[in-house]
Amino acid sequence: MTFATLGLIEPLLRALETLGYQTPTPVQAQAIPAVLAGRDLMAAAQTGTGKTAGFALPLLQLLTMEGPKVAANSARALILCPTRELAEQVHASVAEYAQHLPLTTYAVYGGVSINPQMMKLRKGVDILVATPGRLIDLFRQNALKLNQLQTLVLDEADRMLDLGFSEELANIYRMLPKKRQTLLFSATFSDDIRLLAGQMLNDPLSIEVSPRNVAANTVKQWVVPVDKKRKPELFVHLMRKGRWKQVLVFAKTRNGVDALVDKLQGLGINADGIHGDKPQATRQRALDRFKTSEVQILVATDVAARGLDIEDLPLVVNFDLPIVAEDYIHRIGRTGRAGNTGEAISLVCADEVNMLSAIEMLTRQTLTRKMEADFEPEHRVPDTDASGQVVKKPKKPKKPKASGGGGKRNLGKWVDSGDVAPAEPSIKPVRKVPVFNTGPSKKK
Ligand code: AMP
């Protein structure tokens with residue numbers, strides 16, 4: 001199959017040729033004809049599957065074929081993204097695909113001044129990429145009208161809900177024209193996403209593609225059990241031992257990112273961090289320097305890393321496991337792309353065992369554990385497997401202490417292993433649900 005057989009027009013084919021795309025990915029093969037035919041879409045696909053081109057190419061074609069110019073302060077197609085990084089990345093891709101078309105594209109997001117965005121929207125844009133909050137601000141300030149909107153794309157819809165944008169989405173829904181085409185992309189389909197899809201979509205075509213990296217098994221994944229407090233030390237040890245050159249490291253929180261970057265920089269290691277608290281320009285600079293290998297170690301939160309498009313990353317390290325199991329797939333999707341092999345190493349401490357179990361259940365595999373000499377944890381990480389069970393090994397039965405007197409051994413009852421308290425009594429029972437974040441938060 002080729003892009004030409006999917007019915008794409010010549011200016012798009014020319015752009016794809018320049019970009020070196022030869023064969024449509026599975027999500028593109030399914031989405032492109034459906035979108036061209038005007039269908040609504042509910043697609044289970046995530047970063048790395050080629051989903052952006054899957055919706056952007058037919059969207060650009062439809063807008064080109066229809067011809068009429070966009071009105072002032074209007075947009076004909078809207079792509080909603082959860083984060084600035086993703087909005088920027090999607091916009092960059094759309095602009096590349098549109099390079100030979102007479103269409104205008106633009107991205108708007110928060111964290112930067114709204115005025116230039118308002119100015120830019122005056123003439124109207126054919127395709128607007130936006131984060132939900134900034135879109136609403138622009139709408140309320142009359143900088144944007146949506147009555148000319150004909151297509152809405154919800155990109156990474158699950159992430160938008162995770163980030164607490166459900167109210168914003170409900171508001172946007174009320175701003176939209178009733179007659180429109182809607183395309184929803186999500187890595188996962190929770191009940192909330194299905195509810196959203198039920199409201200927003202009209203007789204959608206469902207498409208599902210498995211995450212490329214997990215399915216293709218091109219990523220070598222393993223876990224190193226370690227005590228929480230020794231993680232930074234272990235990271236540096238592994239880095240030196242493995243002579244790591246370019247590593248993307250994931251930490252759970254903004255503070256975690258800062259603490260690790262400080263620690264590494266203190267040791268003279270060329271590290272930088274990105275998270276939601278840092279200004280957009282700083283994040284972009286860190287990313288650019290990482291891409292050109294000026295920065296060796298880039299530490300990121302899941303949210304900040306969304307949309308980072310770094311080709312051929314050899315190694316991803318989970319300094320902390322993600323709170324949401326699906327994020328593990330997103331994280332390791334940064335490596336082993338396009339048939340290359342990659343490595344994903346997770347440093348796991350005892351209180352992350354439930355997260356590990358949820359990841360193994362979601363990815364249907366038991367991750368190999370490799371103990372690192374001198375870093376064996378004092379707080380044991382209980383065994384886990386893909387069934388979602390945390391196996392709590394009983395303590396080795398101890399001989400009861402001799403009660404003294406005459407050097408005689410107390411041959412009292414050996415403790416039956418079934419009666420013994422689990423080795424990690426602090427570990428809560430594992431939940432069967434792979435996602436275990438407790439509530440929405442705007443930022444991480
Ligand atoms: P996405 O899943 O949309 O984030 O795309 C992941 C990466 O795959 C991006 O770097 C795209 O440029 C690239 N890509 C998308 N479609 C194709 C294709 N058909 N052939 C080669 N590369 C592609």
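My entries below go through rings, helices, the ligand and a few backbone angles.

**Ground rules**

I am working with a predicted model, where local features need pLDDT of at least 70 and side-chain atom pairs count only at pLDDT 80 or more, while totals for chains, interfaces and linings use all residues. Residues are numbered from 1 along each chain as its sequence is written, and side-chain values use heavy atoms, with hydrogens and water left out.

**Entry: aromatic rings**

I looked up ring pairs and found 4 aromatic pairs in the structure. Rings of Phe, Tyr and Trp (its six-membered ring) pair if their centres lie within 6.5 Å; planes under 30 degrees apart are stacked, over 60 edge-to-face, and the rest tilted. One of the pairs joins Phe235 and Phe319, edge-to-face, with 6.4 Å between centres and 75 degrees between planes. Phe235 belongs to helix α11 (residues 231–242) and Phe319 to the loop between β12 (315–318) and α15 (325–332), so this pair ties together parts that are 84 residues apart in sequence. Helices here are DSSP runs of H or I with at least four residues, strands are runs of E with at least two, and both are numbered from the N terminus.

For my own reference, buried means under 20% relative accessible area, exposed over 50%, and partly exposed in between (1.4 Å probe, protein chains only). I also noted that Phe235, Trp244 and Phe319 form one aromatic cluster.

**Entry: charges over rings**

Next I checked for lysines above rings. The charged end of Lys231 sits over the ring of Phe319, 5.8 Å from its centre. The charged end of Lys370 sits over the ring of Trp222, at 3.9 Å from the centre. The criterion is NZ of Lys or CZ of Arg within 6 Å of the ring centre and within 35 degrees of the ring normal.

**Entry: helix α3 and what follows**

I took the span of α3 (residues 51–66) next: its 16 residues reach 23 Å from first C-alpha to last, close to the expected 22 Å at 1.5 Å a residue. That expectation is 1.5 Å times one less than the number of residues. The helix is mostly covered, with 13 of its 16 residues buried. Just after α3, Gly67 has a positive phi of about 80 degrees.

Further on, Asn73 has a positive phi of about 50 degrees although it is not a glycine. Asn73 lies in the loop between α3 and β2 (75–80) and is buried, with a relative accessible area of 18%.

**Entry: the ligand**

Which residues are closest to the ligand? I found 15 residues surrounding the ligand, the closest being Tyr21, Gln28, Gly48, Gly50 and Thr52. A residue is near if one of its heavy atoms lies within 4 Å.

I then listed some distances to ligand oxygen atoms. A polar side-chain atom of Tyr21 lies 2.4 Å from one oxygen atom of the ligand. For Thr52, a side-chain N or O atom is 2.6 Å from a ligand oxygen atom. With Lys51, a backbone N or O atom lies 3.3 Å from an oxygen atom of the ligand. Taken alone the ligand exposes 500 Å², and the protein buries 81% of that. These areas come from the Shrake-Rupley method with a 1.4 Å probe; for residues, only the protein chains shown count as cover.

**Entry: α15 and Arg331**

Helix α15 is mostly covered: 8 of its 8 residues are buried. Arg331 is found in this helix and has a relative accessible area of 0%.

What does the side chain of Arg331 meet? I found a polar contact of 2.7 Å to the side chain of Asp302. A polar contact is a pair of N or O atoms within 3.5 Å; within protein, one must be able to donate a hydrogen and the other to accept it, and residues adjacent in sequence count only if both atoms are side-chain atoms. Asp302 lies in helix α14 (residues 302–305) and is buried too, at 6% relative accessibility. Arg331 and Phe250 are 81 residues apart along the chain, with 7.7 Å between their C-alpha atoms.

**Entry: around β7**

Asp203 has a positive phi near 45 degrees and is a residue other than glycine. Asp203 lies in the loop between α9 (191–200) and β7 (205–208), exposed at 57% relative accessible area. Glu208, in strand β7, is exposed at 66%.
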